[in-house]
Amino acid sequence: ATLVYDAVPVSNGEIDNLIEIPSYSDDLGATYTENPGDVVPLEIPDPELEITKTLLPAYAGGVANTIGTEFAFEIKVENISGVTAYTPEVTDVVPAGHCMVAGSLTNITGSQGVTEVTSDVYTIDGSMAPGEVVTFEVTLEVCGPPTVDVGEYDNTVELTWTDLTNDTDEAGNAYFDEDDATFELVAPQFEIEKGPAIDAGATLNYTWDADENGTIDPSEINS
């Protein structure tokens, strides 16, 4: 006889699936208790997520280093393993002089939703099945003091998750991944246009606008 059944592992790593027959009897009513059984070793892999952070192309040429300048990034989370991952959480580690813009979470793609817990912490709702991808955009702001030094900066993003029952892998290490996105702050650029030269002796014409307020006779105003 063949018995087919499904089992849901409650831990990862190496496990033994043991099946036993405590007792059985024959047609004559004799009972046997030799407990025949069999063990099937199984390897339950760890779930593995990967995070990528990218500066949006519109800001690739540099960002002005003055207070209030905003620029955006795309964050991508992908399950690159064959095992479901649970409770993914993204933390944005911003460089000094910058702040995440609260409420800037936007353009979410994927079957899972994303929740902004604080301005720099985001959770992916539920779990992520093998091969699943979630992307979203967030905005960073230059917040001073009044300017931040020009140059290149790294904006780090960190990702944690769990398996079905644990927050560590088979080796006891926390589930973790991170990525950096580089952006450049530049000084504001100004453009000055100079009008045509005026020859010496040329006549300059001006227009004066005056309102009578009761103390000056408009006829006394000469240009």
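The model is a predicted one.

I'll start with the surface. A patch of negative charge gathers there, made of Glu152, Asp154, Glu178, Asp180 and Glu184. Two elements each give two or more residues to this patch, namely β15, residues 151-162, and β16, residues 176-186. Strand β16 contributes the most, with three residues. Aspartate 180 sits in β16. Its relative accessibility is 41%, so aspartate 180 counts as partly exposed.

Next, the salt bridges. How many are there? The count is two.

One of them joins lysine 53 to aspartate 92, with an N to O distance of 2.5 Å. Lysine 53 belongs to strand β5, residues 49-55, and aspartate 92 to strand β8, residues 85-93, so this pair ties together parts that lie 39 residues apart in sequence. Are these two residues buried or exposed? Both lysine 53 and aspartate 92 are buried.

The other salt bridge is between lysine 76 and glutamate 78, where the closest N and O atoms are 4.0 Å apart. Here lysine 76 is partly exposed, because its relative accessibility is 32%. Glutamate 78 is also partly exposed, with a relative accessible area of 23%.

You will find threonine 139 in strand β14, which covers residues 133-142. Why does threonine 139 count as buried? Because its relative accessibility is 15%, and the cut-off for buried is under 20%. What does threonine 139 touch, apart from neighbours within four places in sequence? The contacts are Glu70, Phe71, Ala72, Cys99, Met100, Val101 and Ser104.

Last, the backbone. As background, most residues other than glycine have a negative phi, and most peptide bonds are trans. There are some departures from that to point out here.

The peptide bond running from glycine 144 to proline 145 is cis, and its omega is near 10 degrees. Proline 145 is in the loop that links β14 and β15.

Threonine 87 has a positive phi, near 45 degrees, and is not a glycine. This threonine 87 lies in strand β8, the strand that also holds aspartate 92. With 49% relative accessibility, threonine 87 counts as partly exposed.

Asparagine 107 is another non-glycine residue with a positive phi, at about 50 degrees. Asparagine 107 is placed in strand β10, residues 106-109. Its relative accessibility is 45%, so asparagine 107 is partly exposed as well.

Conventions:
Residues are numbered from 1 along each chain as its sequence is written. This is a predicted model: local features need pLDDT of at least 70, side-chain atom pairs count only at pLDDT 80 or more; totals for chains, interfaces and linings use all residues. Side-chain values use heavy atoms; hydrogens and water are left out. Patches are made of residues with over 30% relative accessible area and no salt bridge: like charges are joined within 9 Å, nonpolar side chains (Val, Leu, Ile, Met, Phe, Trp, Tyr) within 5 Å. Accessible areas come from the Shrake-Rupley method with a 1.4 Å probe; for residues, only the protein chains shown count as cover. A salt bridge is a side-chain nitrogen of Lys or Arg within 4 Å of a carboxyl oxygen of Asp or Glu. Lys and Arg count as positive and Asp and Glu as negative; His and the chain ends are not counted. The place of a charge is taken as NZ of Lys, CZ of Arg, CG of Asp or CD of Glu. Helices (H or I, at least four residues) and strands (E, at least two) are DSSP runs, numbered from the N terminus. Buried means under 20% relative accessible area, exposed over 50%, partly exposed in between (1.4 Å probe, protein chains only). Contact means heavy atoms within 4.5 Å.
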